[in-house]
Amino acid sequence: LGVALIPFIIYLAQTRTPLNGAWVGGYLVMLVTGMLVGNAGWIQIIRRGGSNWGLGSVITLGIILPLLVLSVTARGSENWFLPVFLGAGVFLAARKISIDSLIRDISTAETRTLVRGIHSVCNLLVAPVPVVIGLAIMLFGPNLVFITVSVCMVPTLLAIRKPYLSRASVK
């Protein structure tokens with residue numbers, strides 16, 4: 001869900017602030033910078049905390065990002081969107097690294113290709129999500145949709161944290 005919101009973050013920035021091409025370019029530079037920083041930093045986070053902790057942290061970023069966007073749009077300044085796009089870039093990089101790490105952890109060398117294939121098929125199944133989110137924004141407005149996306153991600157965070165917490169309590 002969090003990845004599907006990125007085009008709508010750009011849309012909100014364009015509709016809520018007086019943007020020109022330079023601002024949009026700056027936002028995209030911040031997005032790419034966030035991805036580069038995220039790649040370097042998230043590899044270290046995964047090494048220290050493991051794939052389960054890393055994926056939980058990505059979900060946490062996915063919960064915070066839409067709420068951050070709403071608070072930034074309330075301010076109405078172009079400058080406030082720069083850290084949002086930096087955070088979105090970190091989120092994209094962290095998501096990719098965390099999922100790759102999780103696939104490596106849950107599969108053997110013999111089954112890794114199959115697990116990656118299943119993951120890719122699941123990605124195809126969520127391809128219509130941006131269209132659904134776009135329609136929901138048209139019908140209900142961005143505030144309700146962004147809050148709903150954050151709320152919908154909370155059970156995922158709880159589900160991903162539960163096995164980690166139960167293993168930790170056994171030790």
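This is a predicted model: local features need pLDDT of at least 70, side-chain atom pairs count only at pLDDT 80 or more; totals for chains, interfaces and linings use all residues.
Colleague: How many salt bridges does the count come to?

Modeller: The count comes to two salt bridges. To call one, we look for a side-chain nitrogen of Lys or Arg within 4 Å of a carboxyl oxygen of Asp or Glu. D100 also forms a salt bridge with R116, with the closest N and O atoms 3.2 Å apart. D100 lies in helix α3 and R116 in helix α4 (residues 112-125), so this pair ties together parts that are 16 residues apart in sequence. Salt bridges that share partners join K96, D100 and R116 into one network.

Colleague: Why does R116 count as partly exposed?

Modeller: Compare its relative accessible area with two cut-offs: buried is under 20%, exposed is over 50%, and partly exposed is in between. R116 has a relative accessible area of 32%, so R116 is partly exposed.

Colleague: Let's turn to the rings. How many aromatic pairs does a search of the whole structure find?

Modeller: The search finds two aromatic pairs. For each pair, read the distance between ring centres and the angle between ring planes. The rings of Y27 and F81 have their centres 5.9 Å apart and their planes at 50°, so that pair is tilted. The pair links distant parts of the chain, with Y27 in helix α2 and F81 in helix α3, 54 residues apart.

Colleague: And why is the pair of Y27 and F85 stacked?

Modeller: Planes under 30 degrees apart count as stacked. The planes of Y27 and F85 are at 10°, with ring centres 4.8 Å apart, so this pair is stacked. Y27 lies in helix α2 and F85 in helix α3, so the pair ties together parts that are 58 residues apart in sequence. Y27 and F81 are both buried, and Y27 and F85 are both buried too. Ring pairs link Y27, F81 and F85 into a cluster.

Colleague: What about the nonpolar core? Which residues have the most contacts inside the largest one?

Modeller: Those are I9, I59, I133 and F146, in a core of 31 residues. Next, ask which elements contribute. Those giving two or more residues to this core are α1 (6-16), α2 (21-75), α3 (81-106), α5 (129-140) and α6. Helix α2 gives the most, with nine residues. A second, separate core of seven residues includes W42, V58, V90 and A94.

Colleague: Where should I look for nonpolar residues on the surface?

Modeller: Find L67, I147 and V151, which form a nonpolar patch on the surface with about 250 Å² of accessible area together. I147 lies in helix α6 (residues 142-170), and I147 counts as partly exposed because its relative accessibility is 39%.

Conventions. Residues are numbered from 1 along each chain as its sequence is written. Side-chain values use heavy atoms; hydrogens and water are left out. Patches are made of residues with over 30% relative accessible area and no salt bridge: like charges are joined within 9 Å, nonpolar side chains (Val, Leu, Ile, Met, Phe, Trp, Tyr) within 5 Å. Accessible areas come from the Shrake-Rupley method with a 1.4 Å probe; for residues, only the protein chains shown count as cover. Helices (H or I, at least four residues) and strands (E, at least two) are DSSP runs, numbered from the N terminus. Buried means under 20% relative accessible area, exposed over 50%, partly exposed in between (1.4 Å probe, protein chains only). A nonpolar core is a set of buried Ala, Val, Leu, Ile, Met, Phe, Trp, Tyr and Cys residues joined through side-chain atoms within 4.5 Å. Rings of Phe, Tyr and Trp (its six-membered ring) pair if their centres lie within 6.5 Å; planes under 30 degrees apart count as stacked, over 60 as edge-to-face and the rest as tilted.
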